[in-house]
Amino acid sequence: MKKSKHFIAVIVLIGIATGLFYIIFSVMFRLPVAASAEAGPIDVLFNAHYWIISFLFALILVIMFYSAAVFRRRPGDDTDGPHIHGHTGLEVGWTILPTLAVVGMGIWAAVILNDVTSPKANEMVIGVEAGQWFWRFHYPEQEEVTSAELVLPVNQPVVLEMEANDVLHSFWVPEFRVKQDLVPGQTTWLRFTPTLVGEYKVRCAEICGTGHAQMLADVRVVSDADFVAWVEESTQQVEFAELSDVERGQVWYAEYACNSCHTVDGTATVGPTWLDLYGSEELLTDGTTVVVNDEYITHSILEPNAQIVAGFNPNIMPQNFGELFAQREGEVLASQGVEVDIIEEIIAYIEALPVEELEDLNE
Ligand code: CUA
């Protein structure tokens with residue numbers, strides 16, 4: 001076969017292999033639905049990378065296998081192969097072309113990064129607080145609503161002002177494509193515009209301890225009308241006078257994010273489940289046992305590191321609940337004239353489990 005025919009054969013094979021690899025990569029690394037304005041240019045960049053990777057992979061594999069198959073040694077041929085001392089043109093080419101390609105992709109990516117991170121007109125500010133292991137969202141422009149789920153009006157540009165309580169965490173909603181670390185002691189920002197009504201999850205993308213994998217929060221992108229309704233609902237005060245101790249306990253369970261570590265359905269996560277906990281006998285890490293009663297639970301809330309149940313880790317539960325509760329009890333007394341005892345009501349809730357979920361606390 002003539003030299004030019006080998007070239008044509010190799011070029012055709014590279015073309016076919018590039019297409020095949022592109023299809024395989026697109027299936028293997030399929031991206032989730034694109035739900036933000038930023039996802040558009042980022043996906044174009046992803047797609048360009050898939051094409052380039054497919055081409056390079058095909059270039060190497062096709063030339064390698066073609067040479068091995070077509071130019072293999074025939075039986076009885078004991079002669080040496082041609083001696084090659086290098087090819088200056090080729091070497092200059094494979095230095096310059098990849099350099100241009102990499103620098104070009106870098107510039108393109110920088111332009112897109114600059115575009116998606118620059119401030120937009122009429123951004124809505126939302127505060128994000130992350131800690132081991134919870135997410136909390138704060139809406140300074142919506143009467144200081146605080147929420148465990150992130151609710152966003154569709155097509156409204158948002159800027160997240162993010163702070164970490166303890167260690168590094170990372171805010172990541174794959175459908176929005178953008179991602180940003182939260183760093184203790186400094187504020188970081190993340191901008192995006194959700195474009196698709198739906199339910200998503202924010203997941204922590206920075207390993208942050210034993211509860212890292214469970215550090216999820218719901219994200220809901222809703223219509224403007226639904227957002228207004230949600231804000232209205234969230235700003236209504238819980239009427240503590242109308243609630244029983246068990247119901248109040250249930251309110252605290254959600255408000256203080258106890259639910260991020262303690263389930264009420266019997267599954268153990270980073271902390272013991274609360275179901276069937278009251279009155280049970282627990283083995284502690286020091287080998288002694290305790291009966292779970294009012295005294296033990298009170299002690300465990302105020303000094304979480306003092307008595308750790310075997311199989312669980314210390315330094316996970318916040319140490320300042322005593323302080324937070326006293327402050328909140330004062331607030332409720334001042335605003336509603338109701339005397340609440342948060343620890344007592346949480347204990348009442350634990351004792352009463354299983355309890356049906358409270359629907360619409362605000363009605
Ligand atoms: Cu927070 Cu991983």
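Reply: Domain bounds here come from an automatic or database domain assignment. The model is a predicted one.

Me: Which residues does the assignment give to domain 1, domain 2 and domain 3?
Reply: Domain 1 comes in two pieces, 2-66 + 89-117. Domain 2 covers 124-235. Domain 3 is 240-352.

Me: How many Å separate the centres of domain 2 and domain 3?
Reply: The centres are taken over C-alpha atoms. Between domain 2 and domain 3 they lie apart by 26 Å.

Me: What area is buried between domain 2 and domain 3?
Reply: In this interface, 7 residues of domain 2 touch 7 residues of domain 3. Carbon and sulfur atoms give 58% of the buried area. The area itself is about 550 Å².

Me: Which residues in domain 2 lose the most area to domain 3?
Reply: Three residues together make up 63% of what the domain 2 side buries. They are Trp133, Thr210 and Gln214.

Me: Tryptophan 133 also has a peptide bond to look at. What is omega for the bond that joins glutamine 132 and tryptophan 133?
Reply: Tryptophan 133 sits in the loop between strand S1 (124-131) and strand S2 (134-139). The bond from glutamine 132 to tryptophan 133 is cis. Its omega is about -10°.

Me: Where is proline 354 found, and what is omega for the bond that joins leucine 353 and proline 354?
Reply: Proline 354 belongs to the segment after H8. A cis peptide bond links leucine 353 to proline 354. Omega there is about 0°.

Me: What phi does alanine 257 have?
Reply: Alanine 257 lies in the loop between helix H5 (245-255) and strand S11 (281-283). This residue is not a glycine, yet its phi is positive. The value is about 55°.

Me: Is the crossing of H1 and H2 left-handed or right-handed, and how does the contact divide by class?
Reply: The H1 and H2 crossing is right-handed. By class, the contact of H1 with H2 holds 20 nonpolar, 6 polar and no charged residues.

Me: Why are H2 and H3 roughly antiparallel?
Reply: Helix H2 (residues 39-70) and helix H3 (residues 88-117) have axes that come within 10 Å. These axes cross at roughly 165°. Angles over 145 degrees count as roughly antiparallel. H2 and H3 are therefore roughly antiparallel.

Me: Which residues of H3 make the contact with H2?
Reply: The crossing of H2 and H3 is left-handed. On the H2 side, the contact uses Pro41, Ile42, Val44, Leu45, Ala48, His49 and Ile52. By class, the contact has 10 nonpolar, 1 polar and no charged residues. From H3 come Met105, Trp108, Ala109 and Ile112.

Me: Are H6 and H8 roughly antiparallel or oblique to each other?
Reply: Helix H6 (residues 294-302) and helix H8 (residues 342-352) have axes 10 Å apart. They pack at about 125°. H6 and H8 are therefore oblique.

Me: Which residues in H8 meet H6?
Reply: H6 passes H8 in a right-handed crossing. H6 brings Asp294, Ile297, Thr298, Ile301 and Leu302. The contact counts 7 nonpolar, 1 polar and 1 charged residues. H8 answers with Ile343, Ile346, Ile347 and Ile350.

Key: Residues are numbered from 1 along each chain as its sequence is written. This is a predicted model: local features need pLDDT of at least 70, side-chain atom pairs count only at pLDDT 80 or more; totals for chains, interfaces and linings use all residues. Side-chain values use heavy atoms; hydrogens and water are left out. Axes are lines fitted to C-alpha atoms, for helices over the stretch in contact, and angles run from 0 to 180 degrees between N-to-C directions. Helices (H or I, at least four residues) and strands (E, at least two) are DSSP runs, numbered from the N terminus. Angles under 35 degrees count as roughly parallel, over 145 as roughly antiparallel, 65 to 115 as roughly perpendicular and the rest as oblique. A crossing is left-handed if the near helix is turned anticlockwise from the far one by less than a right angle, and right-handed if clockwise. Contact means heavy atoms within 4.5 Å. Ala, Val, Leu, Ile, Met, Phe, Trp, Tyr, Cys and Pro count as nonpolar, Asp, Glu, Lys and Arg as charged, and the others, Gly among them, as polar. Buried area is the accessible area (1.4 Å probe) that two parts lose on being put together, summed over both.
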